[in-house]
Amino acid sequence: MNSLEIMGKPLVSGKTEGSLLVTDQPLSFWGGVNQFTSEIVDRRHELSGSFLKDKIFIFCGSKGSSTGSMVLLELLYKGIGPKAIIVTDQEIILTMGAIIGQEIFSIVTPIIQIHHEDLYKTCNFKYAHISPNGLLTLCP
Amino acid sequence: MTLRLTKSDTKMIEGKSGGAAQLAMKVIVKLAGIVNASSLINIKQVHIDACTFLTDSGIEFVEKLVTMGGKVKVPSHTNPLPLNLTNTDVAIAGPQYISKVERVKNAYLALGVIPTWTCAPYQEVKLPMLGDQIAWGESNAIAYINSVIGARTERYPDYFDICAALTGRVPYFGLHKRENRKGSILFSLDNIPNEILETDTFFAALGYLVGKESRSLIPVIDGIKQATCNQLKIFSAAAASAGSVGLFHMIGITPEAQTLIKAFQGEKPQKTVIVNESILQKSIDELSHNSNDNEIDGILIGCPHASLQEIEEIDRLLATTNFSSKFSKYFFIQISPQTEKLITANGFKERFLRKGGRLLVGTCLFHLPYLKAECSHYVTSSGKFAYYAPGELNANISFGSIKQCVQIALGERVHL
């Protein structure tokens, strides 16, 4: 299988790479992700038990709590955050965490928005490179 | 899209109003770019949520703002703190934890906030009016104030709430604009018996269902005959937890929904969901989690913080019991500091504590790590608590009315 390129809209720009963690279910980072371990703890979620650390996390977007920004910032601050977050819906909760991470702590975590149908294309891949212009290069 | 800035905005961005306002404006401008806003607007008041969740990065951020001379520009009230303000937990929380929370509390006080420390500010602050532009954090409060009052806020993330407070400005987008407040998805109640429609449990289960099905669409609910403020609170909290509901319309109940046409602003719903008794029962069942695994050892009421009506209902139920009888399980009620003053004055606090009840004041069990492991199976009347408890507290959940919760607390056998 060849690699696939998807052009996304960078909400927060940056360059990184990592292995993929993909879901089409929304997730609240507060109440859904453990800020000490990065484990997804929403027991109703299909990825319950997975860890976000160092992953390129691809999902539709946040639901629920406005505190998701603080959870993400703490994960990044402690060095156990995702490498990047890819969303399909408008996402300001996690974007805010990434913006504060950048402005206050100089940690760059790209947040990229892609089309909903592109999310399903990513399921077949295991790894991705993210470019500052929002380009996702997915590798098998 | 180019963002139009006023002279005052520019002054803040250039640092002429201090470093904190400058940083806050930088964040606001970045968000404006992301949401394609062409201008900023003034907001009348803020509800700050960021003080609740204790993180090292959060403490560092707010202290930095204080060092930079930050002061709120508009009335800004606050969500709970991660510490029981009755000081009953000092010994179990430990000095290190308490000192961290003190740093948070003092930093926000230094910024000039109104220290309400409650997740249900609509129960006690000077409310905004229909159409007022505001910036509120805390997902349940956002849903409530947008829907029940018709004020206008977006679902602001934590940290953005502080930035809005320090500048009095937000991007003009989303739910601030009338055209973005129209309903998209219709929930039509079908043959729900009146005796169910009157219950708090109904509103929690409906909120959970509406939240889950709506995701980020604006739901319109048709068929509610009446709803108390308390029931609207319960609905808002459940919907905002199970989905991303920041605004809902209830025909004949909420101010922007006198009719279906008004709620949808003349358009047709994108989707219609029929809600009958069996779908509702399924939602109630889903709110429970592993409820047969072990015996109930905890009761929690007040998520969001209990209103005086809820306290009065509990007081009436307790009045029928023996003076000396005690609760057979941990019974937590979560309230604001203001409510604590009122229940101290009317004697409820003394009556409740005498029976062994536990008051959590100005705080939230989800944010008290030293209390999280106390119970492994809660019964609750709160849809929001039922939703988050399995993950946050690693607890099983049974769902019931306030009456059933109190009966269980008193050791009675109750069929839920």
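**View 1. The contact between chain A and chain B.**
In this predicted model, 37 residues of chain A are in contact with 47 residues of chain B. The size of an interface is often given as the accessible area lost when the parts come together. Between chain A and chain B the buried area is about 3,600 Å², and 60% of that area comes from carbon and sulfur atoms. On the side of chain A, the three residues W30(A), R44(A) and M70(A) supply 22% of the area that this chain buries against chain B, which is more than any other three residues supply.

**View 2. The largest nonpolar core and the surroundings of L206(B).**
The largest nonpolar core has 142 residues, and those with the most contacts inside it are F29(A) and F57(A) from chain A together with Y108(B), I162(B), L206(B), Y378(B) and F385(B) from chain B. Helix α2 of chain B, residues 19-34, contributes the largest share of this core, namely 10 residues. When residues up to four places away in sequence are not counted, L206(B) touches L189(B), I221(B), I224(B), F235(B), V275(B) and L280(B). Apart from this core lies another, of 22 residues, among them I301(B), F327(B), I333(B) and F352(B).

**View 3. Packing of helices α3 and α5 of chain B.**
Two packed helices are described by the angle between their axes and the distance between the axes. Here the axes of helix α3 (residues 56-67) and helix α5 (residues 95-111) of chain B come within 9 Å and cross at roughly 30°, and the crossing of α3(B) with α5(B) is left-handed. From α3(B), the residues D56(B), I59(B), V62(B), E63(B), L65(B) and V66(B) meet K100(B), R103(B), V104(B), A107(B), Y108(B), A110(B) and L111(B) of α5(B). By residue class, this contact of α3(B) with α5(B) holds nine nonpolar, no polar and four charged residues.

**View 4. The covered helix α7 of chain B.**
Helix α7 of chain B, residues 160-167, is mostly covered, with eight of its eight residues buried. These buried residues of α7(B) are F160(B), D161(B), I162(B), C163(B), A164(B), A165(B), L166(B) and T167(B). Just after α7(B), G168(B) takes a positive phi of about 75°.

**View 5. L353(B) in helix α15 of chain B.**
L353(B) lies in helix α15 of chain B, which covers residues 348-354. Because its relative accessible area is 38%, L353(B) counts as partly exposed. The C-alpha atoms of L353(B) and F327(B) are separated by 9.8 Å, although these residues are 26 residues apart along the chain.

In chain B, a cis peptide bond with omega of about 0° joins C303(B) and P304(B), and P304(B) is found in the loop between β10 (298-301) and α13 (308-319). In the loop between β4 (135-136) and α6 (139-149) of chain B, E138(B) has a positive phi near 75° while being a residue other than glycine. E138(B) counts as buried because its relative accessible area, 8%, is under 20%. In chain A, S106(A) likewise is not a glycine and has a positive phi of about 55°, and its place is in the loop between α2 (93-105) and β6 (111-113). S106(A) counts as exposed because its relative accessibility, 61%, is over 50%.

Terms used:
Residues numbered from 1 in each chain as written. Chains lettered and ligands numbered in written order. Predicted model: local features only at pLDDT ≥ 70, side-chain atom pairs only at ≥ 80, totals over all residues. Heavy atoms only, no water. Core = buried A, V, L, I, M, F, W, Y, C linked by side-chain atoms within 4.5 Å. Buried < 20%, exposed > 50% of the residue type's maximum accessible area, 1.4 Å probe, protein only. Helix = DSSP H or I, 4+ residues; strand = E, 2+ residues; numbered from the N terminus. Contact = heavy atoms within 4.5 Å. Axes fitted to C-alpha atoms, helices over the stretch in contact; angles between N-to-C directions. Left-handed = near helix turned anticlockwise from the far one by under 90°. Nonpolar A, V, L, I, M, F, W, Y, C, P; charged D, E, K, R; others polar. Buried area = accessible area lost by both parts, 1.4 Å probe.
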